Amino acid sequence: MKIFAHRGYAGKYPENTLVAFEAAAKLPVEGVELDVQRTKDGVLVVNHDERIHRTSNGKGHLKDHTFEELRELDFGSWKGEEFAGAKIPTLEEVLCVFQQTHHVINLEIKTDVIAYPNIEDDVLDLVNRLGMADRIMYSSFDHTMVESLLQKAPSNIVGVLFEKILVNLHEYGERIGSNSLHISMEAAKRGVIRQDIEKGSVFRVYTVNKVEDYDVMESLGVEAIFTDQPELMYAHREKKAAKT
């Protein structure tokens, strides 16, 4: 089962900051996940929440701030004083961290709450310019965005993100055009995914931070997990492999 470092190495470092991604880039896990939004003046930046108060000393919606305004904020102190002064990174800065590594990068495009018109075009242009198109996996809770990405990036995996516990996921994936289904651990634990996997669906599950939950996901046939604790999950996987 593959391991993706969620928002960089979010368990140990402030999520979606360069220090978190630089730490993840040193790990032998398969991939990294991050969240893409756009500033008031059109800069692609990496941040999860639509509002910035949880992970910075700023307030309001990210979309209402210019990049220069966001760069003046502290996105690290909330995690620990040793991270004071960490800045919000651009998508380009983060991608460059992984340009020479082996990792698959899962770009979640955050348009399910706030519309960023044509943001996928800006993302695809950047990825192509950096020569990294073959290492990118896209995902979104906004299923109109999923449909757009399936059309505009047909050679890439595009994951359909779900928050709620749903049934008939395989059939929904077939209708939208993707067999890559990204669901919560709570949904996966219900066990209904087994029959969907047999039908050809591929499940990647968020957010798995305990070794016992890793084992459950592995037993269900999950293809990959997203975790805040990539080192722990990797060590557990290696320990299990050594016993076989």
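This is a predicted model: local features need pLDDT of at least 70, side-chain atom pairs count only at pLDDT 80 or more; totals for chains, interfaces and linings use all residues.
Asn168 is found in the loop between S6 and helix H6 (169-176), and this residue has a positive phi of about 55° although it is not a glycine.

**Backbone geometry in the loops**

- As background to the next points, most residues other than glycine have a negative phi, and most peptide bonds are trans.
- Asn16, which lies in the loop between strand S1 (2-6) and helix H1 (18-25), is not a glycine and yet has a positive phi of about 55°.
- With a relative accessible area of 2%, Asn16 falls under the 20% limit and therefore counts as buried.
- The peptide bond that leads from Tyr206 to Thr207 is cis, with omega near -20°, and Thr207 has its place in the loop between strand S8 (202-206) and H9.

**Thr17 and its contacts**

- Thr17 is found in the loop between S1 and H1, and the residue is buried, with a relative accessible area of 2%.
- When residues up to four places away in sequence are not counted, Thr17 touches Phe75, Ala86, Lys87 and Pro89.

**Helices H9 and H10**

- Helix H9 (residues 211-220) packs with helix H10 (residues 230-243) at an angle of about 60°, and their axes are 10 Å apart.
- Because an angle under 35 degrees would count as roughly parallel and one of 65 to 115 as roughly perpendicular, H9 and H10 are described as oblique to each other.
- The crossing that H9 and H10 make is right-handed.
- On the H9 side the contact involves Val211, Tyr214, Asp215 and Glu218, which meet Leu232, Met233, His236, Arg237 and Lys240 in H10.
- Sorted by class, the contact of H9 with H10 is made up of four nonpolar, one polar and four charged residues.

**Helices H4 and H5**

- Helix H4 (residues 119-129) and helix H5 (residues 143-152) pack with their axes 10 Å apart and at an angle of about 40°, and H4 and H5 are therefore oblique to each other.
- In passing H5, H4 makes a right-handed crossing.
- From H4, the residues Ile119, Glu120, Asp121 and Leu124 meet Met145, Ser148, Leu149 and Lys152 in H5.
- The residues of this contact between H4 and H5 divide by class into four nonpolar, one polar and three charged.

**Strands S5 and S6**

- Strand S5 (residues 136-140) pairs with S6 in the parallel sense, and the pairing runs over three bridges.
- Within this pair of strands, Ser140 stands opposite Val160 in S6.
- Along strand S6 (residues 158-161), Val158 and Val160 point one way while Gly159 and Leu161 point the other way, and all of these residues are buried.

- Glu69 lies in helix H2 (residues 67-71).
- The relative accessible area of Glu69 is 37%, which lies between the limits of 20% for buried and 50% for exposed, so the residue counts as partly exposed.
- From C-alpha to C-alpha, Glu69 and Met137 are 30 Å apart in space, while their separation in sequence is 68 residues.

Conventions. Residues are numbered from 1 along each chain as its sequence is written. Side-chain values use heavy atoms; hydrogens and water are left out. Axes are lines fitted to C-alpha atoms, for helices over the stretch in contact, and angles run from 0 to 180 degrees between N-to-C directions. Helices (H or I, at least four residues) and strands (E, at least two) are DSSP runs, numbered from the N terminus. Angles under 35 degrees count as roughly parallel, over 145 as roughly antiparallel, 65 to 115 as roughly perpendicular and the rest as oblique. A crossing is left-handed if the near helix is turned anticlockwise from the far one by less than a right angle, and right-handed if clockwise. Contact means heavy atoms within 4.5 Å. Ala, Val, Leu, Ile, Met, Phe, Trp, Tyr, Cys and Pro count as nonpolar, Asp, Glu, Lys and Arg as charged, and the others, Gly among them, as polar. Buried means under 20% relative accessible area, exposed over 50%, partly exposed in between (1.4 Å probe, protein chains only). Two strands pair if DSSP finds at least two bridges between them.
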